[in-house]
Amino acid sequence: MMSNETIIKFQDVYKSFDDNEVLKGLNLDIKRGETLVVLGRSGCGKSVMLKILLGLIALDSGQVFVDGVVMSELAESSQYQIRRKIGMLFQSSALFDSLTVGENIAYALVEHTNMKADEIRNVVLENLKFVDLPGTENLMPSELSGGMRKRVALARAIAYRPEIILYDEPTTGLDPMTATTINQLVRKTQQQYGVTSIVVTHELASGYSVADRLAVINEGRIIEIGSIHEVSNSKNNFVKTFLAGPK
Ligand SMILES: Nc1ncnc2c1ncn2[C@@H]1O[C@H](COP(=O)(O)OP(=O)(O)OP(=O)(O)O)[C@@H](O)[C@H]1O
Ligand SMILES: [Mg+2]
């Protein structure tokens, strides 16, 4: 599944908000087809990292490459072409509350493609089936549980057939059984669509269950990266403490 080819590269990325230095020389290579889990404590910059990759937040210095192309040097229009390759599952699910489940999933297809209404409808139904929520297309987001919202958000993210999916805390705030369902969906999405995935989380169990590789971020940098086995045997004190979990 995972190749040796780098699809995403963060090179010496710095980002501050006023005097809050969040990323301080972040270097990270993501391989095509892998699920890379980035672990780190709350506030360390995980969401900021994903938003920089999506072009939602500008970096201060350094570069981000997608498929060998520097994101920051692209014109808006070409950036959009690259961004189209990326689907994102936001920490808050971020569904449009005034649209039905079906309209949420259809949204980008209606806005950005020439697909016909019945084709779009088929994609909506197919993706709702994929996330195991058939028959929910006419519900409003307010009628859904937290776990269902995450699944609809995933159906929306994959409707576009992205090559890359970013998951921001996909299981945080969910009960363990629902979290397991989401973790299985992350795996199933990788297997069925061959996508490259970055999952950021501070939940160890979730990270272990989906990761091909784990990376740990602390003080603005990746301080450890490797297989679960390699990272579990890290000599780094922060990694050891973090993996030991709360006392
Ligand atoms: N738009 C912004 N403006 C100012 N500060 C920001 C902004 N976005 C993030 N920050 C700050 O950057 C730091 C990192 O935030 P980020 O949301 O990336 O953390 P995180 O690792 O995702 O945490 P969590 O696990 O709680 O989601 C925090 O100190 C946060 O307050
Ligand atoms: Mg976050």
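**Fold, ligand shell and selected residues of the chain**

Gly207 is located in helix α7, which covers residues 204-210; helices (H or I, at least four residues) and strands (E, at least two) are DSSP runs, numbered from the N terminus. The model is predicted, and local features need pLDDT of at least 70, side-chain atom pairs count only at pLDDT 80 or more, while totals for chains, interfaces and linings use all residues. Residues are numbered from 1 along each chain as its sequence is written, and chains are lettered from A and ligands numbered from 1 in the order in which they are written.

Gly207 counts as buried because 24 C-beta neighbours lie inside 10 Å. A residue is termed buried if 20 or more other C-beta atoms lie within 10 Å of its own, exposed if 12 or fewer, and partly exposed in between, with C-beta atoms placed from the backbone. When neighbours within four places in sequence are left aside, Gly207 is in contact with Val37, Leu39, Val199, Thr201 and Leu214; contact requires that the C-beta atoms of two residues, placed from the backbone, lie within 7 Å.

For the chain, the secondary structure comprises 9 helices and 10 strands. The C-alpha trace spans about 55 × 45 × 35 Å along its principal axes. The radius of gyration is 18 Å, which agrees with the value near 18 Å for a compact globule of 247 residues; this radius is taken over C-alpha atoms, and the globule rule is 2.2 Å times the number of residues to the power 0.38. Of the 247 residues, 37% count as buried. Among contacts between residues at least 6 apart in sequence, 66% join residues at least 24 apart.

An open sheet of 4 strands runs in the order β2-β1-β4-β5, with antiparallel pairing. β2 and β5 (69-70) are the edge strands, each pairing on one side only. Two strands are taken to pair if DSSP finds at least two bridges between them. Between β1 (residues 6-17) and β2, the antiparallel pairing extends over 9 bridges, and Tyr14 has Lys24 in β2 as its bridge partner. The loop between β1 and β2 contains Asp18. The phi angle of Asp18 is near 50 degrees, a positive value in a residue other than glycine. Asp18 is exposed, with 5 other C-beta atoms within 10 Å.

A phi near 50 degrees, again positive in a residue other than glycine, is also found for Glu169. Glu169 belongs to the loop between β7 (164-168) and α6 (176-193) and is buried, with 21 other C-beta atoms within 10 Å.

Ligand 1 is surrounded by 14 residues, the closest being Phe17, Ser42, Lys46, Ser47 and Val48; a residue is near a molecule or strand if its C-beta atom, placed from the backbone, lies within 6 Å of it. At least two residues of this shell are supplied by each of β2 (20-31) and α1 (46-54). The largest share, 3 residues, comes from α1. By class the shell holds 4 nonpolar, 8 polar and 2 charged residues, where Ala, Val, Leu, Ile, Met, Phe, Trp, Tyr, Cys and Pro count as nonpolar, Asp, Glu, Lys and Arg as charged, and the others, Gly among them, as polar.

In helix α3 (residues 101-112), the residues Val101, Gly102, Asn104, Ile105 and Ala106 are buried. The buried residues of α3 pack against α4 (117-130) and α5 (146-159).
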